[in-house]
Amino acid sequence: MGPDSGLPGRHLVAKLAIVAAMVLALLFVLFPVYWMVITSLKLPREIFRMPSLWPQVFTGANYRILIEDKEFLVAIRNSLIVASSVTLISLVVASLAAYSMVRFRYRFKGLIGRLILFAYLTPTSLLFIPLSILIARLQLGNTLHGLIFVYLTFSLPVSTWMLQAYFAAVPRELEEQGMIDGLSRLGALFRIVLPLSAPGLAAVAIFTFTGAWNELLLALVLITSESRRTAPLALNYLITSDVLPWGPLMAGAVLSSVPLMILYFVAQRFIVQGMTAGSVKG
Amino acid sequence: MRQRPTSTAEPRLSAETQQNLFAYALVVPVALLLVGLVGYPLFYAVYVSFTNMVVGGGGDWIGLANFQYLAGSPVFASAIWNTVVLVVVSDAFKLAIGLGLALLVNERIPARGLFRSFLMLPWAMPAFVAFLTWRVLYQPIGGGINLILTNTGLYPEIVDWLGQRSTAMPAVIVASVWRGFPFWFISILAGLQNIPAELYEAARVDGANAWQRFRAVTWPGIKRVVIITTLLSSIWTANSFESVWLLTQGGPSDATMVFPVLAYFGMQTQRIGEAAAVSVAMLPALLILVFITTSLMQGDESERD
């Protein structure tokens, strides 16, 4: 679509104002991302002595320091383990619950629905202190298992809440037909409802994965040994331990966000749908 | 609904009882986990806030002593004030930018799809990455903001944005607006796209100007979305730990101290009772927000059924 075809019958001034607004918005959005990338590719002496918009020398040194000296790949691996486990557990458990809430009528359903929404909105900052005591009592302190367990506090409510909306959109008649053809209730869920809700499952999976990948506060409170740090935790300790480690820090920022950004651009349609389904009437 | 599950026929139970048991069995794991991981910890936090518990030990009931201590503490007062400022000011900017850009993208503009994708970028980045990047951007040495301001001649002096009291809070706000506005943008855009085009046509036929069309058609169409987004964003911003922690850790001299960071510092000093009291003191205000949001969103859900 050319610019002219997009703006029929408008004054040139209006067109220019629109383009100017778009350029400003893009600069505001993109400049930080640009700065993150080029800082990660600059030599320390350039970062600190000759600030410039374009590196004079491109270097992979920051990435090497981060990976070899700081063992950042261990942190990435821990993050992958935690985030995928949380996603898998949430998808299974939340699918069952969401299906039950959408398809059946029973006592306490309203109460459970309110509990789920309430849990979705209850922020981690209110929970991290009691959760850390709880986890210590369960002997799960400083383990990835403990982290996976507490991450269910935010992943389960949001998954159940979002999946309800997707399951409700699957026509009941399809399921009833399937059951007449010999499927059990669970069979109807797995053979009919889940496949038809595939975009929803993808959105929920991405949401829970990113939620767990991004979490810092609980990780900070629960994880004490270096070998069990997740990516955000490793970068957090980079700024508190070293002096001005901007190069390696931004290298870590790039490494931790690239997978998610690719995921986002590939699955954008589902994500935007899910995002608005979670909060906004669809 | 009353279809009898064929595979698990159990003669003594009626079909309805069976179905109820099945429904409960599916929902019980989530219900139990949420009671155990959200409900119980919330009540436990309230209990702990009335004790002098320290890390690794029990605590004695000390009544309101922790809250009395907080009431007299200047850090706590500034944490409350800063939290309110952060929420109100950054939400206002997120609304203005989100609404403005949603209105823009809802028009027929060049490269609309691509533009929309780029606008969502800050939200697609992990929050910790976003705030660490802004921390670097604000640096007096090696930061991009100072470079731009001095190069373009907008402001000739190097400023330590995060290091001085007068600029630290505005700097935190700008970074949270950057990270937070896409959620407003996309929610409002979804609301705009649900408004039937005929309504605009009718308003145009009636001779309404742009502002009148906004008041009569656009605003009623997105009001509900804006209210829910405001509530959600307020809850999230008030509780956002990463933003302040990664940018300033509450400094310089508590100029950006917010309550989640204060509670975390409390835990680090091993006095859990006091730390819990910081969170619990915020509980009433947050619960009110959460209850309002819950009832609005549940209203949505029952309409959907």
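The following dialogue explains some terms used for this predicted model.

Guide: In this predicted model, local features need pLDDT of at least 70 and side-chain atom pairs count only at pLDDT 80 or more, while totals for chains, interfaces and linings use all residues. Residues are numbered from 1 along each chain as its sequence is written, and chains are lettered from A in the order in which they are written.

Visitor: Why is Leu231(B) called buried?

Guide: A residue is buried if 20 or more other C-beta atoms, placed from the backbone, lie within 10 Å of its own; with 12 or fewer it is exposed, and in between partly exposed. Leu231(B) has 20 other C-beta atoms within 10 Å, and therefore counts as buried. Leu231(B) lies in helix 10 (residues 210-238) of chain B, a helix being a DSSP run of H or I with at least four residues, numbered from the N terminus.

Visitor: What does Leu231(B) touch, not counting residues up to four places away in sequence?

Guide: Leu231(B) touches Leu289(B), Ile292(B) and Thr293(B), where contact requires C-beta atoms, placed from the backbone, within 7 Å. The C-alpha atoms of Leu231(B) and Ile292(B) are separated by 8.2 Å, although the two are 61 residues apart along the chain.

Visitor: What makes helix 6 of chain B mostly covered?

Guide: Of the 11 residues in helix 6 (residues 127-137) of chain B, 11 are buried, including Phe128(B), Trp134(B) and Arg135(B).

Visitor: How many residues of chain A are in contact with chain B?

Guide: In chain A, 87 residues are in contact with 80 residues of chain B. Helix 2 (residues 12-40) of chain A gives the most to that side, with 13 residues.

How values were computed:
Contact = placed C-beta atoms within 7 Å. Helix = DSSP H or I, 4+ residues; strand = E, 2+ residues; numbered from the N terminus.
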